[in-house]
Amino acid sequence: MLGRDADAIFWLFRYIERSENLTVLLETYFISHLTNYEKNEQTYKNFFLIALNSYENTADFKSYKIDKIINIFLRDENHIISLPNMVRKARENARIARTNLTSELWKSINDYWLFLSSLKKKKIKENEIPQVMLELKTKTALIRGAFNGTLLRNEIYNFGSLGTFIERADHTSRVYIQNIDLFKELKDEMILQKDLCETILKILQCNSSYVWLNKGKLTPFLISNFLVLDIRMPRSLRYCSKQIFSNLSQITHGRKNTYRCVSLSKKNNRILKVLDKNEIKKINSTVELFFQNIQKLSFHLENDFKFIN
């Protein structure tokens, strides 16, 4: 497969995953704003800014109202971390790799872009935000459905999956690290800040599954293990690491070359597999190491397969 096409497919699905993460983050923040305005407004706003990777210019958002923040991230294509900017880049990569995509997948990506383009015509009112968020999540779900339901299981699918799971692992580890102080208590019975913990779980789209497994009990032990080691949870670091290694193994099967990205992926799998779920301090340090390795893995992947920047 040409490095140019592999690069386009990889970044296409990184941007799609990133845009979905941003949508869920905005929706969670919006709901938190409505339900806990007087008590937790500043707390959630600060967390919201941190979770957006702490860009310097986000300091300006502290004085903005909720509807203005939502409109910036959903309608301003010139903003570096806005949804239109991400989806525009995803669509550009889809056009580069158009011959590698099924018509169903291309249509779902293009529909996503067209819907976002329609939002630019007028300001989104506060009472319209829930419906807009629902529509955006539906669009990304349709893309994922077309991706999993219509593509052959070949290198195209593997590079798309790598983009998805590397971005997902980056997001989960980033949110975990930004709130690592919450997970430093060793006592299992220690109840955390309930509102903030629920917000973290919602941002990572796993609140319902966590409540179902743990009957709503919030402890550093349970949350750390769920986000990092629970292989049943599709956004846990263990699950993402397994999928990354599996897709890399399929791409490199039968090749004689040595790939640094494969070696690093195998290392990530190993450190998570042998991690003792009872040692929260070690889990925290491992997440920080994993986050660094994910950045390196993405870099080595681009070099190993000669992506075109």
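Predicted model: local features only at pLDDT ≥ 70, side-chain atom pairs only at ≥ 80, totals over all residues.
The secondary structure of the protein chain consists of 13 helices and zero strands. The chain has 309 residues, and buried residues make up 55% of them. Its accessible surface comes to about 14,900 Å². Carbon and sulfur atoms account for 51% of that area. Among contacts between residues at least 6 apart in sequence, 72% join residues at least 24 apart.

The structure holds 17 salt bridges. In one of them, the side chains of Arg14 and Glu167 meet at 2.8 Å, N to O. Arg14 sits in helix α1 (residues 3-35) and Glu167 in helix α7, and the pair links parts of the chain 153 residues apart. Arg14 and Glu167 are both buried.

A second salt bridge joins the side chains of Glu20 and Arg235, at 3.6 Å from N to O. Glu20 belongs to helix α1, whereas Arg235 lies in the loop between α10 (220-228) and α11 (237-252), so this pair ties together parts that are 215 residues apart in sequence. Glu20 has 7% relative accessibility and therefore counts as buried. Arg235 is likewise buried, because its relative accessibility is 7%. Both residues also take part in a network of salt bridges. That network links Glu17, Glu20, Arg144, Arg168 and Arg235.

Lys137 is in helix α6 (residues 129-150) and Glu27 in helix α1, so parts 110 residues apart in sequence are tied together.

Helix α12 (residues 260-273) contributes the largest share, three residues. Lys296 is placed in helix α13. With 45% relative accessibility, Lys296 counts as partly exposed.

Helix α13 (residues 280-304) also contains Ile280. Ile280 is buried, because its relative accessibility is 2%. Ile280 and Pro220 lie 60 residues apart in sequence, yet their C-alpha atoms are 7.8 Å apart in space.

Two further sites were examined. Lys184 is located in the loop between α7 (155-178) and α8 (194-203). At 48% relative accessibility, Lys184 counts as partly exposed. Lys184 and Phe221 are separated by 37 residues in sequence and by 9.4 Å in space, C-alpha to C-alpha. Asn207 is part of helix α9 (residues 207-214). The relative accessible area of Asn207 is 18%, so this residue is buried. Beyond its neighbours within four places in sequence, Asn207 is in contact with Glu198, Leu201 and Lys202.

Note on methods: Residues numbered from 1 in each chain as written. Heavy atoms only, no water. Helix = DSSP H or I, 4+ residues; strand = E, 2+ residues; numbered from the N terminus. Buried < 20%, exposed > 50% of the residue type's maximum accessible area, 1.4 Å probe, protein only. Contact = heavy atoms within 4.5 Å. Areas by Shrake-Rupley, 256 points an atom, 1.4 Å probe, with all protein chains shown as cover. Salt bridge = Lys/Arg side-chain N within 4 Å of Asp/Glu carboxyl O.
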